[in-house]
Amino acid sequence: MKKPIELDWANLGFNYIKTDYRYISYWDKGEWDDGTLTEDNTVHISEGSTALHYGQTVFEGMKAYRAKDGSINLFRPEENAERMQRSCRRLMMPVIPTDIFIEAVKKVVKANEAYIPPYGTGGSLYLRPYMIGIGDNIGVKPASNYLFSIFCMPVGAYFKNGLVPTNFLVSDYDRAAGNGTGSSKVGGNYGGSLLPGSEAHKRNFGDAIYLDPITHTKIEEVGAANFFGITKDNQFVTPISPSILPSITKYSLLYLAKERLGLEVKEEDVFVDRLDRFAEAGACGTAAVITPIGGIQYKDNFHTFYSETETGPITKKLYKELTGIQYGEVKAPKGWIIKV
Ligand SMILES: *Cc1c(COP(=O)(O)O)cnc(C)c1O
C-alpha cells in the first residue's frame, strides 16, 4: 500500500485537485490507439472541435475507495462503462469497450494511489472519464476524431458534510426535453442547469429540483442527483421517466432497500403536490452519495420531510449499507466490488 500524500483529508470538498497522472486515448481512422498515462493536465484540440461548438461531449463520475482491509475498491464500474457507451451512441460517438474502460480506470487509480483518502476519513478518489469530439470541423455532424480521458482527484462530501439534511427549490426551468438527452450523461444537459442552480443557491437552497418537462407536476431530479422518498408505510419510491439520468447509486439503493432492509420498492410518478405521503426523502448519486432532503420549496409552499436538521432512520440505514459496501465493511452483492 502506497503511503498517502499530505492533505487535510477531513476537510476535502468537491474541488479540482491536480493529481499526477491521467489516462488519454485518441480515436483516429476508425480505431482507438493504445492509450497512455500522462502528467499533462491540459488538452490541445482543434478550434473546430465538435465538443466546443455542438456539445459532442459525454462524461462519467465514479469513485475508488480505500477499503477497511487496505485494498482499493471500485463500485460497479462496468455500469459506468455501459452507461457511457449509451451516452456515446446517443451523440454518435465511438464507444469504449467495457474491459478497456475498466483497465484504464485501474491504471489511473494505481498511478495516483497516494491521493486516495485513507480509510476512515470519509473521502474517496473521484474519477472523471470523459470523451469529446475533436479535429478540424465546422458543420453540424459527428467529429472524425475523438479523445477519451480519465482523470481523478480526492474528494469529500458533495453537499457540505455527509448526512446533513439540505433544502431544495423546485425550479421553473426544465433540465431536459421529454424525448431529449436527459437520460444520457452528456455535457449539454449541465450548461443549462447552471442558472437554475445558481438561483437556488442565491436563495440558500442546496440546488434546484427539476419537474418532468411535459406536465411540470412530477419530480425528476435533484440537481445532478436522483430523488427517492420513503413513504409513511415504508415503501422506497423513486421517480420513473425517460428524461431522468439513470443513477447507478439509485438502482443500488432500490436493490438494497428491498433485499437488505426488506422494504417494498417502487419506481413510479412522484407528484410534487403529494409530498406528504413521504416520511423521509433524499438525493442520491456518486458525488452526493445520499443527501437527506430536509425540505422542498415549491412555489409558496415549503414542505418539510423528516426534519431540517436530522436524518431519518431509514435514510441512515441505507447510507450505512451503501457506504459499508463501498468501504469493504459490509458484504457486497455479487459483482458489485471490483478490486484495483
Ligand atoms: C450522474 C448523475 C446522477 C447520479 O448518477 P450515479 O450513477 O448515481 O452517480 C444523477 N442525476 C444526474 C443528472 C447525473 O448527471
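Predicted model: local features only at pLDDT ≥ 70, side-chain atom pairs only at ≥ 80, totals over all residues.

Me: How far is an oxygen atom of the ligand from an N or O atom in the side chain of Tyr190?

Reply: Polar contacts here are N or O pairs within 3.5 Å. Arg83 has a polar side-chain atom 2.7 Å from an oxygen atom of the ligand. For the side chain of Tyr190, the distance from an N or O atom to a ligand oxygen is 2.4 Å.

Me: How do the residues of the shell around the ligand divide into nonpolar, polar and charged?

Reply: The ligand is surrounded by 14 residues, with Lys185, Tyr190, Ser247, Thr249 and Thr286 the closest. Strand 12 (225–231) and helix 6 (248–259) each supply at least two residues of that shell. By type, the shell splits into five nonpolar, five polar and four charged.

Me: Which residue caps the N-terminal end of helix 6?

Reply: Helix 6 has twelve residues and spans 16 Å from first C-alpha to last, close to the 16 Å expected. Its buried residues are Ile248, Thr249, Lys250, Ser252, Leu253, Leu254, Leu256 and Ala257. The backbone nitrogen of Thr249 lies 3.2 Å from a side-chain oxygen of the capping residue, and that residue is Ser247.

Methods
Residues numbered from 1 in each chain as written. Heavy atoms only, no water. Near = heavy atom within 4 Å. Polar contact = N/O pair within 3.5 Å; in protein donor to acceptor, adjacent residues only side chain to side chain. Helix = DSSP H or I, 4+ residues; strand = E, 2+ residues; numbered from the N terminus. Nonpolar A, V, L, I, M, F, W, Y, C, P; charged D, E, K, R; others polar. Expected span 1.5 Å × (residues − 1). Buried < 20%, exposed > 50% of the residue type's maximum accessible area, 1.4 Å probe, protein only.
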